[in-house]
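Please open the model in a viewer and keep the selection panel at hand.

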2 protein chains.
Amino acid sequence: MKERDSESFESLSQVLPNTSNSARMIQMSMANSGSAAPAPAGQDQLDRSKWLLDCPEPPSPWHELKTQFKESFLTKAKKFKSLRKQPLPKRILFFLQAVFPIFGWCRNYKLTMFKNDLMAGLTLASLCIPQSIGYATLAKLDPQYGLYTSVVPPLIYAVMGTSREIAIGPVAVVSLLVSSMLTKLIDPETDSLGYKKLVLTTTFFAGIFQASFGIFRLGFLVDFLSHAAIVGFMGGAAIVIGLQQLKGLLGITNFTTNTDIVSVLRAVWRSCHQQWSPHTFILGCSFLSFILITRFIGKKNKKLFWLPAIAPLISVVVSTLMVFLTKADEHGVKTVKHIKGGLNPISINDLDFNTPHLGHIAKIGLIVAIVALTEAIAVGRSFAGIKGYRLDGNKEMVAIGFMNVIGSFTSCYAATGSFSRTAVNFAAGCETAMSNIVMAVTVFVALECLTRLLYYTPIAILASIILSALPGLIDIDEAIHIWKIDKLDFLALIGAFFGVLFGSVEIGLLVAVVISFAKIILISIRPGIETLGRMPGTDTFADTDQYPMSVKTPGVLIFRVKSALLCFANASSLEERIMGWINEEEDDGNTKSNAKKSILFVVLDMSNLINVDTSGIAALVELHNNLIQNGVELVIVNPKWTVIHKLNQAKFIDKIGGKVYLTIGEALDACFGLKV
Amino acid sequence: MKERDSESFESLSQVLPNTSNSARMIQMSMANSGSAAPAPAGQDQLDRSKWLLDCPEPPSPWHELKTQFKESFLTKAKKFKSLRKQPLPKRILFFLQAVFPIFGWCRNYKLTMFKNDLMAGLTLASLCIPQSIGYATLAKLDPQYGLYTSVVPPLIYAVMGTSREIAIGPVAVVSLLVSSMLTKLIDPETDSLGYKKLVLTTTFFAGIFQASFGIFRLGFLVDFLSHAAIVGFMGGAAIVIGLQQLKGLLGITNFTTNTDIVSVLRAVWRSCHQQWSPHTFILGCSFLSFILITRFIGKKNKKLFWLPAIAPLISVVVSTLMVFLTKADEHGVKTVKHIKGGLNPISINDLDFNTPHLGHIAKIGLIVAIVALTEAIAVGRSFAGIKGYRLDGNKEMVAIGFMNVIGSFTSCYAATGSFSRTAVNFAAGCETAMSNIVMAVTVFVALECLTRLLYYTPIAILASIILSALPGLIDIDEAIHIWKIDKLDFLALIGAFFGVLFGSVEIGLLVAVVISFAKIILISIRPGIETLGRMPGTDTFADTDQYPMSVKTPGVLIFRVKSALLCFANASSLEERIMGWINEEEDDGNTKSNAKKSILFVVLDMSNLINVDTSGIAALVELHNNLIQNGVELVIVNPKWTVIHKLNQAKFIDKIGGKVYLTIGEALDACFGLKV
């Protein structure tokens, strides 16, 4: 017995190369512990094992919850406390700045900055007015509601928000979301007042949800839509929105209320045989081409960024004039007709909490809240990143929530940050949220004075303006990038895309969330172990597959668990795999040198394990028992805090004779040191 | 700039204690790299970083799937191939042994072993006959079906199974499962033939599912019921079964078909006012006491293990005699009445695949399959563990699946390994599966000759026999143990328990599975980072909370990600937390030494990360950008195979200037070496 062990110890030393100090040191320490007298290094190891075994109790889940709560809320409270010593005006200013960031930046606001913001705001308004009208029709509301939504929410956001570039107002995806989900409850064509009430109540709920996410610091809920899922969802939504525009572009009267591609194409096909307006189609297509060409020019020549921004307004003006002059509206070209002018009417009394649909509305409000926040925060973060400042996610949510709550009191529907208009705002050189104020004021002026001029604006132009904004939502490059990096992420993307396209908006979102979480479960519980070898010249051990240059230690099998959890779902298959591996090694050993036991120790590196459950511990006990029967000893290395605590409580550490070490190197030293 | 850095370098060296060789060595290497000439140690590090960056591509998910498939199936095929050189008879024997393990052990079977098996088999039969009749009534079938189920399945298992102790037959939980789910489809009181057909078809499906789990090596599906969930589920089911027995014990005629505690207690309460049989109750209770007392004696004196085992049979015989002699059946004591004798009738023609309930039946078959397998494998494994041999989970599943398929052809309902009878079999000293054969033969003899004697057996006795078996299913010690070790596991336990008790069997199972998986998601995505410090006297870095003796390195913040996934659900909050930590440290630094930058590097130890998705990479990019703006450099340590591959593909490694190291020690050396 003794001879055999010392033999394997010698073969171990041969494997260790002589290139590095650290390896030589380890050899020395092993030689030391090999001698009868307890060497100081051995003593050190004993101490270090003790560190592991005597570490303080890990915080209980309850305690962790408390700490997290404290971290979230009390750091602010602490800051506030430290202000107590300050004079009262300074305290008030601090409070105002915390709630209304405008008090922070407006003190340093300069005239040159205003010049830039004014230009950006006016450019923004010229794009915003036609888009708002278009999105209102997409949401099945009267055109003025889109304009209302571009007045109040931007003003409130400018006071409370932290982003400097974001352009607030109605957006395509949220408009689609609202109409596709609410038309199932009330048909806007038969009961337009009831539908309007539903939309306002939904907006109110969405605002309440958004604000409470921010106040209770539940920002992580927004993260539950993964980036890949959003890319897929936006792409699908863009195509669905585009298909909806066929109604306006072709001048179709009877159209389906479903949003899936099959129903829409069938409705278009049916209408093509009956009644459609070729005039409308030609008009729409020619202005769509005009807008797309200006965008192309704007991309080629960065100085002409304003051209694509004002092209929609030009289209509206020119087409309205054309219709007015040719009296095309009498020949089948549908126009916007009457738009109610004047400032946003108060709509608190339109909020309807006694409706039988209240539960549905709350649910729809939640979905709208999450989708709107996702878009706003994605937009805000990416532009803040370019300018090099940080967005406070929770503050953003409170700002967006408040603007929607106030919006629902003033005839606005759900607003958020728009991808396309934010890009225009940035390109136009905005400096602060002042550009939003300029835009809101401009839209307000338009509401007061210009609505009558829009009487002859053809609906086909609105359709082509919406269509022209859609390519920005379809991000094929990003989809390819995701495909290259992570195939499962791409699956979530594709799931969301086809879910929206062939099912409905909700199905798309549901598919995306389910795939994303299924992926997490799959990766977390997939039972994996890797065999480790010593990296030449170091005391580091690494995966032998990843690092082909690593050297296996004879007589020992070193495994590392490759998942974060040793739990009911993977523990027993993990155990079986380790046993299978050992049997294989033993078989190999047997064929080579007749019936000589080749494996003496199994070192299980637990450094990846974050948690273990009772089934996991049971599997470890079983593994230990099976190993003992094969004459192999089990050694455990570097269990994390929770894991060592649980193993201790389950008396597993006692069962394996306290063979727990901090590093693999120490474990090997101890194994061979004690044996020789 | 230079002065400041060298200062922090010096303070770093002061922190390093001089106790250990390895630490001294590191100091030396740092001093070396501090000098202008590139030291050999620095060269080494460069090489080692290269190892990390140049490691081969990790296997694609598709490749991994293939490998796993190969591992599962081809190892067997390889073994079989190596047999090709052997003569034909040996090959046939090998094949037979693989499929029918009985050919393995029966060659070494000795007469002394048979003596033990005979005794165990007879003891088993004496317990099995009354239990089988009782469980058949629990499954709402005629009593003989319980006996049928104790004849054919044990014989087939004895030929195909690998466990030596398991006792096959009907069990309480599966009987409850069958009756509670199938009575919703057909009421056995009005259409007993149709109900019987449903039960047989369900058994057939369960067998097919079980066998295919084994053949396609899907054993892990059984693991999806966590240990804690099973403990809770069994406890709840035991109470539900016990409540069902109140019907027999009280002699109630009208009873509810629901299984939840509220409905059952209400039904009992209602009956107590109308009609119940005091004679029946007294009879049942006295024999229940008798059985429990014998069990108590058996526990105290291990040699009298046979006493509790035959107590049920004694109860049956004595009570039957009592009823026969006192003619109590004419005074309201219900008896079993006619039991059809004779061997199992063939029932292939009773399998009904044209029923409108086929989808339901398949679903119920799946649930029965999983619950039955869970019980059988748990029982088999625990006793195999005691005797020190290994069960092949997949072979077990095939054996149990086949025995149920054949069972469904021969009038048996779903059988599995019984907790209580297996314990008796083990205590009676069984040696091989031969004891199952002895038991089956004995039950067969009873079916042929003794069924007429059971005419006067009171149903209350069957109820008390079932009741006496229930305490074994309620494992309070284990529940306490689980509570101590893992609070979330205990939640799954309690969920399953109350789900069964107040909802239904299916609801209990569903609750358990949902809680178990929610727990996995929660643990996997909970965003956690730990700060690391150097363990005194080593080059190992560990959590400063877990190891209070660890020493932080000044000028550097070392973080380790505490979850296995950096994904959409936790990436951005992780990033925010790191930034918050840095700002706090900087604030601290500022207050201490006026406006001196305290943090120069952030070292992110990725050794825990198993995977990262596109959102995770985006968050890393954002973190890097934010750090750069704060004048802090980001260094990455030990990313795993998949992670480094993805980071490389996303060009993140290039972005951080290739600052990737294998260990934290090397990262620190490189940081300070390059700066000085």
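Two residues are in contact if their C-beta atoms, placed from the backbone, lie within 7 Å. Helices (DSSP runs of H or I, at least four residues) and strands (runs of E, at least two) are numbered from the N terminus. The model is predicted, with local features requiring pLDDT of at least 70 and side-chain atom pairs counted only at pLDDT 80 or more, while totals for chains, interfaces and linings use all residues. Residues are numbered from 1 along each chain as its sequence is written, and chains are lettered from A and ligands numbered from 1 in the order in which they are written.

**First stop: a helix pair in chain B**

Select helix 7 (residues 111-138) and helix 15 (residues 306-326) of chain B. From helix 7 of chain B, B:T123, B:S126, B:L127, B:I129, B:P130 and B:Q131 meet B:W306, B:A309, B:I310, B:P312, B:L313 and B:V316 of helix 15 of chain B. This contact comprises 9 nonpolar, 3 polar and no charged residues, where Ala, Val, Leu, Ile, Met, Phe, Trp, Tyr, Cys and Pro count as nonpolar, Asp, Glu, Lys and Arg as charged, and the others, Gly among them, as polar.

The axes of helix 7 and helix 15 of chain B are 8 Å apart, at an angle of about 45°. Axes are lines fitted to C-alpha atoms, for helices over the stretch in contact, and angles run from 0 to 180 degrees between N-to-C directions. Helix 7 and helix 15 of chain B are therefore oblique to each other (under 35 degrees is roughly parallel, over 145 roughly antiparallel, 65 to 115 roughly perpendicular, and the rest oblique).

**Second stop: helix 18 of chain B**

Next, select residues 419-427 of chain B: 7 of the 9 residues of helix 18 are buried, so this helix is largely enclosed by the rest of the structure. A buried residue has 20 or more other C-beta atoms within 10 Å of its own C-beta, placed from the backbone; 12 or fewer make a residue exposed, and those in between are partly exposed. The buried residues are B:F419, B:S420, B:R421, B:T422, B:V424, B:N425 and B:F426. After helix 18 of chain B comes B:G429, with a positive phi near 85°.

Chain A has 29 helices and 10 strands, and 51% of its 676 residues count as buried. Now display both chains: 67 residues of chain A are in contact with 66 residues of chain B. Helix 26 (residues 614-629) of chain A supplies the largest share of the side of chain A that touches chain B, 8 residues.
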